[in-house]
Amino acid sequence: MTALRTETGAAHAAILGVGAYRPRRVVPNAEVVDAIDSSDEWIQQRSGIKTRRFAEDDETVVSMSVDASRDALAAAGIDARQIDCVIVATVSHLLQTPSAATAIAYELGTDQAAAFDISAACAGFCHGVALANDMIRAGSAGYALVIGVERLSDITDPTDRGTAFIFADGAGAVVVGPSETPGIGPVVWGSDGEHYDHIRTPDWRDILASGEKKMPCLSMKGNEVFRWASYGMAKVAQQALDRAGITADELDCFVPHQANNRITDAMARSLKLPDTVKIARDIIDAGNTSAASVPMALQRMIDDGDAKSGDTALLIAFGAGLAYAAQVVVVP
Ligand SMILES: CC(C)(COP(=O)(O)OP(=O)(O)OC[C@H]1O[C@@H](n2cnc3c(N)ncnc32)[C@H](O)[C@@H]1OP(=O)(O)O)[C@@H](O)C(=O)NCCC(=O)NCCS
């Protein structure tokens, strides 16, 4: 039998640069409360959110991704033509096909990079980092761009009490490339499809059959998701620490999906994180941006000086599916 030649890549991979795009329009709680009979106080107490950003017409999934990616490329010192693969995590690119990734790869000026979207909802960015890490080490890409991007305001019903105050818009991106030392720890990922219906959009065909002229908006069983995330995700985060050979005492930063500050608090308590660990709180003025939330929160921590080059950061993201993924990374 003829043996095929195979390739191997770099010994290790790492995140080399981080970028983010925050839409211009700041939306305070006061702007969303009337339609859901709520209050600024209730929203802050239950979620931590004070303001969020909603994209305007010209701030599209593609344009926000391109802006975030340009920042990540500049931070990494990498030219777009060096990127071999663009992975986009999103649930709010509203075309069934083609992917957002091919348009983003073209706008960025990559040299016909491989490009595709992944559907793992809020956990999509951490899935993308895991894929990129494996690609660089397997030799299928020299450099990869991983983007998390959402325009959730397009698919959020402003009159739905369970979601209207939570979801928001934005983009975050990282460049992943070869490294002398391990910069991305083993991923711990999985899915819990028993709860497939906990966060979802309706089937378009049901909307058409109902005769209503409306977007298929997100619905969420908030209580159930809250309990699942608060109790289950700390275990996943602990496994990611264990697999990277890091203890909570050795960790510098905790960057969980910005779903709800109370979920973040519950995880930090379960993990027994010491006070020295800096915890991402981007949700306060970014809301829950699903796939974009982890890279946006990481970029904020780097900009604020809370995450320094060489620090270890525990990333964990979870959401619709229910799907989850976590890994420890070294801050570029
Ligand atoms: C959405 C969420 C903040 C709701 O908080 P909660 O404490 O579970 O709220 P509940 O649905 O139990 O309702 C508690 C009370 O607040 C009221 N309430 C619900 N939504 C409200 C709102 N938007 N404003 C004001 N009051 C509200 C309810 O009517 C209820 O009142 P009652 O006690 O008089 O019956 C919370 O469930 C949550 O964060 N879930 C996880 C969401 C998440 O992380 N999603 C992202 C995963 S990707």
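Analyst: The following covers aromatic pairs and then a serine in a loop. This is a predicted model, in which local features need pLDDT of at least 70 and side-chain atom pairs count only at pLDDT 80 or more, while totals for chains, interfaces and linings use all residues. Residues are numbered from 1 along each chain as its sequence is written, and side-chain values use heavy atoms, with hydrogens and water left out.

User: How many aromatic pairs does the structure hold?

Analyst: There are 3 aromatic pairs. Rings of Phe, Tyr and Trp (its six-membered ring) pair if their centres lie within 6.5 Å; planes under 30 degrees apart count as stacked, over 60 as edge-to-face and the rest as tilted.

User: Why is the pair of Trp228 and Phe318 edge-to-face?

Analyst: Their planes stand at 70 degrees, so the pair is edge-to-face, with ring centres 6.4 Å apart.

User: Where do these two residues lie in the chain?

Analyst: Trp228 is in helix α7 and Phe318 in strand β13, 90 residues apart. Helices (H or I, at least four residues) and strands (E, at least two) are DSSP runs, numbered from the N terminus.

User: And what about Trp228 and Tyr324?

Analyst: That pair is tilted, at 6.3 Å centre to centre and 55 degrees between the planes. Trp228, Phe318 and Tyr324 form one aromatic cluster.

User: Changing topic, is Ser290 buried or exposed?

Analyst: Ser290 counts as buried because its relative accessibility is 4% (buried means under 20% relative accessible area, exposed over 50%, partly exposed in between, with a 1.4 Å probe and protein chains only). Ser290 sits in the loop between α9 and α10.
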